[in-house]
Every structure is written in structure tokens, then in C-alpha cells.
Number of protein chains: 2
Amino acid sequence: MKSISLKDIAIALNLSKTTVSYVMNDRGDEKRVSKETQDRIKAYAEAHSYKPNQLARSLSLGKSNMIGLIVPNISDSFFAQIARRIEKKAEKLGYNVVFSSTGESPERESKIIQSMLDRQVDGLIIVSSEKNHDDILKLKKGNFPFVIVGRKYTDIETNVVALEDKEGVTSAVELLIDNGRKHIGFITISLDLDSIKDRLKGYKEALKNKDIAYNTNVVKHVTYNDVEASLKEAMHELVQQEKVDGIVFATHYLAEEGLRLLKLNNINVPEEVAIVSFGKDRGFDLFDPPLTSVDFPIIEMGDAAVDLLLDTIENRTNNYKNIIMKTKLDIKQSCGS
Amino acid sequence: MKSISLKDIAIALNLSKTTVSYVMNDRGDEKRVSKETQDRIKAYAEAHSYKPNQLARSLSLGKSNMIGLIVPNISDSFFAQIARRIEKKAEKLGYNVVFSSTGESPERESKIIQSMLDRQVDGLIIVSSEKNHDDILKLKKGNFPFVIVGRKYTDIETNVVALEDKEGVTSAVELLIDNGRKHIGFITISLDLDSIKDRLKGYKEALKNKDIAYNTNVVKHVTYNDVEASLKEAMHELVQQEKVDGIVFATHYLAEEGLRLLKLNNINVPEEVAIVSFGKDRGFDLFDPPLTSVDFPIIEMGDAAVDLLLDTIENRTNNYKNIIMKTKLDIKQSCGS
DNA sequence: CAAAATTGCTTAACCGGTTAAGTAACTTAA
DNA sequence: TTAAGTTACTTAACCGGTTAAGCAATTTTG
């Protein structure tokens, strides 16, 4: 797959690399290369299908035109959708995207960030795993362009595209309450993330708004690395012991698995237990019963993230931007409405 | 984010770049660098957190340790899952993954392949769009490492990880017939791909096996770029005009959308129309009704693809390998069993 | 008609690594 | 005692681009 180099062209045409480089970069006129020479170079390049080596180009220019995308898991529909938007927009401006999944491990995230920096990416879009202050602060200190998306660091100022997590969950819980549910459980994931904490806050807020006492027993933190067993136990406790009549799930994954468990145990949704998911997935509307969810604009989030990143890269703007997206209830049968 | 270079270390310690390079690559002993000097270098590198510039390294070594992943659409669950496996395995061997979506456009695919080659990726994993002989042949001719996955070129010998498309569909159609369905439609996508053609062949084969006449009117080719309207029309014709009592869908996407349309029109599945999907998605088992699908081992496909590619890259093996995965019916209610 | 300006290039350094080949100083063997 | 070996490095070229600075030949200008 060896293709010809600038040097090859230069030698073949008895010119210097410089001249060839200028012409290939369409700076021939500016650099006063004769029309004739330009044509010769272009013809030769075309004939031998010359393609500049981007590694060399990047090294020389100090710009790789690559952006790094770091997500917990690219196969999760949310992240995959974000990825698609990022790639789409990036491509238009001539950027390629390298991605890596962290598996929600801060250590891996740290390694991945370093590896991407070593590759000289021009910027990073990070769906950060559990708080990774050190790396984020390092990026900030180095004035390196990056955007945090989907999750937020409340204590560090950064570019961020995130959600109204709290308000979203509040609306979900209030919906169930308004539908007459009295004992509403909340199942979340045990990740030390501000966004996840905010969702719990949203749950508490709703109870407060509706004058319902907060009961620790109906709030379950499922462990990420053993979701299946952990969720099963949580569900069992909520349904069998606490006799909840409604559950709000902090993620679309939990909601789907939760519904699966409910059906497995022949618990009627929404009659016995009404449920709402924070976030949705394709097909939620086809579920039995169709799943009510706190919806948010994934596409817009992806778009906003790249726009913000590319703007930071290209204009080297220094002020951070916070874009917080509103959520919206998508009401289906599972909530008992 | 400027980090120090080999040269910086060399100057600081009054050594040559060469010596520093040897030590940083753990070739100090081999290259007879004194223990003392090695320690000085390592200490300095550590203290100033030296990280080699991978662009420079790649350029010099002629190996980028990047692999390119080209899919129709990264946000499709099938491709996203493949991507995850590829990334996971690649990472273990020190490779990063760049990806791009083609949107099923051969032109874009062609551009993307070139762009990845320009970036000097060490190999490509391609879920090829419509027949793109020129590029594939170019890669072959250049002896460039690549693997075609999920789709196959029957007329070009390549590394490939694909499916028993024909047999899969045959089993689906036969299942419906065995369940007493008489008029089975087939909805596929109008892509000029051997894999897609094989699925149609599978449909025909089943009819032949069961002594049922082939009827062109119940085979619909939905256009990729206007799936929604096109599928709607196809469904309407099959159900309202042709009065089919069963439909096999050639992709999980079509199946899901098809089911959505059936429900929208209050057509009872499977009583009035039984359906089977080729391929599944998360949540298919939660659908109303749960969707029967021709299942295949996505994870294994992803793993096999990377293994094959990395083997080709690292051992420069020249013989092509064909890995064809078997499919398996995952029977749920939608097929009327 | 000489000085100045323009034309059309080239030289050489650089980006940040890798590596074959060389060398000075010291040690060992014959 | 001197050639041969070893040690611990360095020099310089290379990967394939970019670019500031320079220069000879020609053209324009005063």
C-alpha cells in the first residue's frame, strides 16, 4: 500500500520538495510557482495518485485533525447515537474520530485520555466516568480543548453539554404521584457522578414537593459491575418487601432490565407497579407495556458537543460554555396514566 | 498541552537523542547504555512525565497502531456492538480504533477508506456498503490487511466474517409455514449486497422446500434512503392488498418499524400477521408481542473480525480466511408458535 | 544603464521520533 | 606491547511532510 511521496514527485520532475508541497497545498500562485510547473506537478500527482501522508502532515503542522471520543461503552445506544452525531459533524470539517470505552472505570479513563493525548488528538469529548478530577484538571491546566457530555462536574468549570437531571427525575416521580402512586421506589446506579446524584436529588425534591416522607429503603443503588444480580435483589426488595407501587429508574438500561424482571415475576405493569425510565431506547414504545420515559434530545446533545469542541479547537476560545438540555416526559402506558 | 520531547531530555542531560530513545524503549541494556545513565534518563523522564509523540513514532516506524472501522451507521446496535468488541480486543494489543459511518453510500465508503489509508491505519474492518469492488480490489492488490464483516463479496476472495444469510432466512420462512401460514411476505432493503441477496434466496428456497409458488408481489424492496415511507407502502401492499398472514423482515430495523406499523393499524400480531426478524435488538423480547428472530452471534463476529485482522497485520499472512457464522431461531410469540 | 523589483525556484531547518554506522576511551588477549 | 574487543556513547540519515529565508535570472523602473 506504499504510495508515492512528495520527494518522489520532486525527484521525478527535477524540482524541490518545497515547490511540490506548495503546489499540492494550492499555494502555488501565492508562492509564485509558474503555471507550467504547477500543471506538471498536478498532472504527475494525479497520474500516480499521490496522497499526502497524514501522519507526517500532522506532525509537521502540530495538528492531527483527530478528535477523541471517550464513553463508558460505545455499544450503549445513547453513546452510540452521540458518537454518530459527533462523527458526522467532525467529518464535515475534516476531522476523524477515535473512540474508546472506559467501562465506567476511572483508571481506564485516565489511561485512555493519556493515550489519546499521545496520539495528538486536537480535542476530546468525554462522557466522564466516576469523578476523574485529576485528569480533567490537567486538561484544563494544559488549556487543552475538551467537552464533557452527558455528565457534569459541578465543582470544576468546564465546557459541558448535559441534562437537567434533577428536574427530569422530579417530573417523573411527580407524574407517578399524580397518577395516584403512594410508594415510589427509585433505582439508580452506584456511580460517583454528579449527574447521577442529581437524579437522586430530583427524586427527593419530588417527594418534598408532594409532602411525602423520604424513605431510604426504597432507594436502591445498583452496582455497575454486577448489574444483573444487584438489580434483581433491588427489585425484589422494592416489590416484595417494600411493596412499592411505582419505580423510577435512573437509566434506560436499568428500566429495561427492571421491566424484564417484573414481567418474569408476573407483576403487572402498571397496575401493580408503575414505572418510568430516565432516558429511552429504541423500541420503548413497542414494549409491553410501552415505557414512559424522561426524554432528552440526544442528537442535539451530540451536535452541541462537537460544535462546542470544534469551536474551542479552531478559535481557541478560553471561556467555558455550559449547555444544559431540558428533559421532557414521554408518557406511555407503563406509568399508569 | 505541550509535553517534553526526546530532544529536551537529551539536552537537559547532555546526551544524544539516540541514547534517550534506546532507554525509553527499554533497549538500554541491549544497546550498552550504562546503568547510571539509564537511571538518570528514566528519572528525568518520569519527573517531567515524558510521553512519546505517537505521531512521530508511527511515522518513523511505519506503523500507526490504529485500525479503521467502517460501518454503515455506528448508532445501529449491531454495528455498535461489533465496534465495542473490536475496540476491546484492539486495545489489549495497543491499537486504537478510528471509525466512520458510510450511510450505506459506496461513494462515502470509498472516500472514508482513502482517508483512513491516508492516516496510515494498519488495517481496516469494513462492513461494506453496496458493492465497492474497486476499493476492495485496490486493497487486495496493495496487500493491505482488511476484513469484511457482516457482509460478503461472493465474487472476490477476502478475509470475511459473515453469516449464513440464506439458511437463516430459510429457517425463518419455514417456521412460519410450519406454523400454518400460507401467504408469507418478505420485506428486504434495496441494497446491492450479496448478503441481502442471499436472504432473498433463503426466502425462495424455503418456498421451494415447502412446495409453495414464488410470488413477486409479496416481496418488497424498501429503499434505504426513504425507509419510512417506502416501508409504509410495502407493508400496506402486503397486508391490505396481498393479505399475507406472515412477514419475514430482512433486518432488525425493518422488523421493528414493521411491527410499529402493524400496531398502528391495529393489525393483530401474530393472529392476523405473524412476523419474524432477521437479527434482533435489545428489548425484542419485551415487545408486544415478543419478536421472533433469526439470531446470530454478534459478539463472536466482532471478536473473530479483530482476531483475523490483527493476525493479518502482525503475521502478514496472505491466505484469506472465511468465517461464516450459523444463525439460530429465537422463537417468541410474534411468529405464532 | 544601473538599481530595484519580480519571478521561479531551492536550501535547509523543523516536527519528534528510530536506527545503522561510527568513534573515542578503556580493557583484554596473544 | 600491540592488536583486538568492549564499553558507552554520538553522528547523521530517515520517516514524509511544512516553511522561513535565500538566491540567481529576468524584468521593470527612474
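This is a predicted model: local features need pLDDT of at least 70, side-chain atom pairs count only at pLDDT 80 or more; totals for chains, interfaces and linings use all residues.
Chain A is built from twelve helices and twelve strands. Its C-alpha trace spans about 85 × 40 × 30 Å along the principal axes. The radius of gyration of chain A is 26 Å, whereas a compact globule of 337 residues would have one near 20 Å. Of the 337 residues in chain A, 49% are buried. Contacts can also be sorted by their separation in sequence. Among those in chain A that join residues at least 6 apart, 70% link residues at least 24 apart.

One element to look at inside chain A is strand β6, residues 184–189. Six of the six residues of β6(A) are buried. Which residues point each way from this strand? A:I184, A:F186 and A:T188 point one way, while A:G185, A:I187 and A:I189 point the other way, and all are buried. Strand β6(A) has two pairings to follow here. With strand β8 of chain A, residues 246–249, β6(A) runs parallel and is joined by four bridges. In that pairing, A:I187 has A:F249 as its bridge partner in β8(A). With strand β7 of chain A, residues 219–222, β6(A) also pairs in the parallel sense, over four bridges. There A:T188 stands opposite A:H221 in β7(A).

The next step is the relation between the two chains.

The contact itself takes 43 residues from chain A and 43 residues from chain B. On the chain B side, at least two residues each come from α4, α5 (77–92), β2 (96–101), α6 (106–118) and α11 (252–264). The largest share of this side, seven residues, is supplied by α5(B). By class, the side of chain B that touches chain A has 16 nonpolar, 16 polar and eleven charged residues. Strand pairing also crosses between the chains: β2 of chain A, residues 96–101, and β2(B) pair in the antiparallel sense over three bridges. Within this pairing, A:V97 stands opposite B:F99.

How many residues surround DNA strand C? There are 27, and the closest are A:S16, A:S34, B:L6, B:T18 and B:A56. Two or more residues of this surface come from each of α2 (17–24) and α4 (54–61) in chain A, and from each of α2 (17–24) and α4 (54–61) in chain B. The residues near DNA strand C divide into ten nonpolar, twelve polar and five charged.

DNA strand D is likewise surrounded by 27 residues, of which the closest are A:L6, A:T18, A:A56, B:S16 and B:S34. The elements giving two or more residues to the surface near DNA strand D are α2 and α4 of chain A together with α2 and α4 of chain B. By class, the surface near DNA strand D has ten nonpolar, twelve polar and five charged residues.

Key
Residues are numbered from 1 along each chain as its sequence is written. Chains are lettered from A and ligands numbered from 1 in the order in which they are written. A residue is near a molecule or strand if its C-beta atom, placed from the backbone, lies within 6 Å of it. Ala, Val, Leu, Ile, Met, Phe, Trp, Tyr, Cys and Pro count as nonpolar, Asp, Glu, Lys and Arg as charged, and the others, Gly among them, as polar. The radius of gyration is taken over C-alpha atoms; the globule rule is 2.2 Å times the number of residues to the power 0.38. A residue is buried if 20 or more other C-beta atoms lie within 10 Å of its own, exposed if 12 or fewer, and partly exposed in between; C-beta atoms are placed from the backbone. Two residues are in contact if their C-beta atoms, placed from the backbone, lie within 7 Å. Two strands pair if DSSP finds at least two bridges between them.
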